[in-house]
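This report covers contacts, salt bridges and strand pairing in the structure shown below. Numbering and conventions are given where they are needed.

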Amino acid sequence: MIYLDHNATTPVHPQVVNKMIPYLKQNFGNPSSFYRIGREAKAVLENSRRKVALCIGADADEIVFTSGGTESDNLAIRGVVRALKNRGNHMISSSIEHHAVLQTCFALEKDDVRITYLPVDSEGMVNPDDVLKSITPQTVLISVMYANNETGVIQPIKKIGTIARERNIVFHTDAVQAVGKIPVNVSEINVDLMSISGHKIYGPKGTGALYIRKGTPMIPVLTGGHHEHDLRAGTENIAGVVGFAEALTLATESLEHESRRLESLRDRLEEGVKQRIEAVQINGRNALRVPNTTSISFMSIEAESILLHLDLKGICASSGSACTTGSSDSSHVLLSMGIAQQVTQGTLRFSLGKENSAEDIDITIEALVEITEKLREISSL
Amino acid sequence: MYDKTKAPVEPERPILFYNETVIDHFTKPRNVGEMSEEEADGFSLTGDPECGDQMKLWIKVESDKIVDIKFKSFGCPGAIATSSMMTVLAKGKTIEKAIQLSDDDVIEAFGGIPEYKKHCSLLGTNALHAAIRDYQQKQKSSKKK
């Protein structure tokens, strides 16, 4: 199998699995318990918190462990909007956010929160000037993703953060696709809240964190016991937290070398496809991108058909769209970039990772040459 | 009471989205091609405005029978496979029989397709019905002449 869908999920690093196992077996204690195995669990929880904080340039007490990116996004957005509802009811986000942010925004709109969705340019970038123009006296929160999951395009987070901070507006970024792929340091980018996920960085699914800068107004979404500084109730997933902290540490330590390697593999794929296959388009190519991601449109054929052919050859990639129950679920990200509906229908995302080699890329290019030729022979366009 | 015998068993092999017959028609679609205007007795260009799929279909009719049929498709695996199966079912049929072909017949010929892909099979049968109407229109107008 050649797995080229690391933005969807990643295999858990064997070293991460080894670190987790003791906390599933003998060290099963509840960190809230009084006796020794409870206190051991508490100690490893706090140690993991320090490890995560170190990787992103935060203080340990600014890290809240969650069940992953979706929960972190929900806590960040709902938590701040509720905490500041007496100050204002306007929020700014973008049209290319992950569904975890977008659907949360849609839900809040039903509760009379007004939301401005910033457009992007043809390369998939938010313009900080648009942020500035959208701010009203009622604006309490700005939420713009760090790197887009479909195109890999990196957003001007630092500039947006500066705009937000100067106006005392809370700034959240969903950094699920950035952390572990590019250096991310919260002290350098003026963010107040940042979502991270474990399973995108070779950690276990169901793990993640929200960075909450000291002093950020926040009301919890999950209520219950006094866990996670009273911001996220529920007995801590100790094995998961340990695995997440280890995965983030490993990703941070290998980042410099690995990002260069992945970038050269990604370029090899893009170059190969462009040279060997006619009528292709690489989306967001002129923007700054995370090194592992490419979005490629193949004209006049449908992505799902390419995906199935790839799958039959043991190659895993993904599409930004799917034709389900009679509706084309075209990628909102690609449509926002002004890409024609029919082109979005033929767009694949390849996201590379640790196990991929140059040989994998060459096999994939050969497969794509054969598949596109076959499907274009059938195509009515 | 908990009934242990009803507990789900672990899947034994990878579960494929489409069954083997669908995959076979997708990887080796039957009757792909085009016909020139002189060759074809009926033609249709049909789109699914909802999902953006599109297909072209040509039929050749001799003594009221579909003797040849060709299609091309911009579509998902479901659309390609069901269009292919539709051409197999239609070929050799009389116009009267062919017009009765429905998406259910196509689905049945496959032994089922995933629920949310059932709409794909409509594209093929809609295209067939449109091509037959085109043929019938041409028949009428040539009779008038």
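The side chain of A:Thr151 places a polar atom 3.2 Å from the backbone nitrogen of A:Val153. A polar contact is a pair of N or O atoms within 3.5 Å; within protein, one must be able to donate a hydrogen and the other to accept it, and residues adjacent in sequence count only if both atoms are side-chain atoms. This is a predicted model, in which local features need pLDDT of at least 70 and side-chain atom pairs count only at pLDDT 80 or more, while totals for chains, interfaces and linings use all residues; side-chain values use heavy atoms, with hydrogens and water left out. Residues are numbered from 1 along each chain as its sequence is written, and chains are lettered from A and ligands numbered from 1 in the order in which they are written.

A:Thr151 sits in the loop between strand S5 (139–143) and helix H6 (157–166) of chain A. Helices (H or I, at least four residues) and strands (E, at least two) are DSSP runs, numbered from the N terminus. With a relative accessible area of 1%, A:Thr151 is buried; the term means under 20% relative accessible area, exposed means over 50%, and partly exposed is in between (1.4 Å probe, protein chains only). Apart from neighbours within four places in sequence, the contacts of A:Thr151 are A:Asn283, A:Arg289, A:Thr293, A:Ser295, A:Val333, A:Leu334 and A:Met337. Contact means heavy atoms within 4.5 Å.

A:His332 belongs to helix H9 (residues 332–336) of chain A. A:His332 counts as partly exposed because its relative accessibility is 21%. Not counting residues up to four places away in sequence, A:His332 touches A:Ser95, A:Ile96, A:Glu97, A:His99 and A:Leu102. Between A:His332 and A:His99 there are 233 residues in sequence but 9.8 Å in space, C-alpha to C-alpha.

**A sheet in chain A**

Four strands of chain A form an open sheet in the order S9-S10-S15-S12, with antiparallel pairing. Strand S9 (280–282) and strand S12 (318–319) of chain A are the edge strands, each pairing on one side only. Two strands pair if DSSP finds at least two bridges between them. Strand S10 (residues 293–298) and strand S15 (residues 347–351) of chain A run antiparallel and are joined by 5 bridges. A:Thr294 stands opposite A:Phe350 in S15(A).

**Salt bridges**

A salt bridge is a side-chain nitrogen of Lys or Arg within 4 Å of a carboxyl oxygen of Asp or Glu.

| Side-chain pair | Distance, N to O |
|---|---|
| A:Glu46 and A:Arg49 | 2.8 Å |
| B:Asp24 and B:Arg30 | 2.6 Å |
| B:Glu34 and B:Lys72 | 3.2 Å |
| B:Lys117 and A:Glu304 | 2.9 Å |

A:Glu46 and A:Arg49 are separated by about one helical turn, because they are 3 residues apart in helix H2 (residues 36–56) of chain A. A:Glu46 is partly exposed at 22% relative accessibility, whereas A:Arg49 is buried, with a relative accessible area of 2%.

In chain B, B:Asp24 is partly exposed with a relative accessible area of 24%, and B:Arg30 is partly exposed at 27% relative accessibility. B:Glu34 lies in the loop between H1 and strand S1 (42–47) of chain B and B:Lys72 in strand S3 of chain B, so this pair ties together parts that are 38 residues apart in sequence. B:Lys72 is buried, with a relative accessible area of 15%.

**The interface of chain B and chain A**

Contacts across the interface involve 25 residues of chain B and 23 residues of chain A. About 2000 Å² is buried between the two chains, and carbon and sulfur atoms give 63% of this area. Buried area is the accessible area (1.4 Å probe) that two parts lose on being put together, summed over both. On the chain B side, B:Phe26, B:Phe74 and B:Tyr116 lose the most area to chain A, together 30% of what that side buries.

Which polar links cross between the chains? The rule finds 10 residue pairs in polar contact (both at pLDDT 80 or more), and it finds 1 salt bridge across the interface. The elements of chain B that give two or more residues to the side touching chain A are helix H1 (20–27), strand S2 (54–62), strand S3 (65–74) and helix H2 (77–90). That side divides into 13 nonpolar, 6 polar and 6 charged residues. Here Ala, Val, Leu, Ile, Met, Phe, Trp, Tyr, Cys and Pro count as nonpolar, Asp, Glu, Lys and Arg as charged, and the others, Gly among them, as polar.
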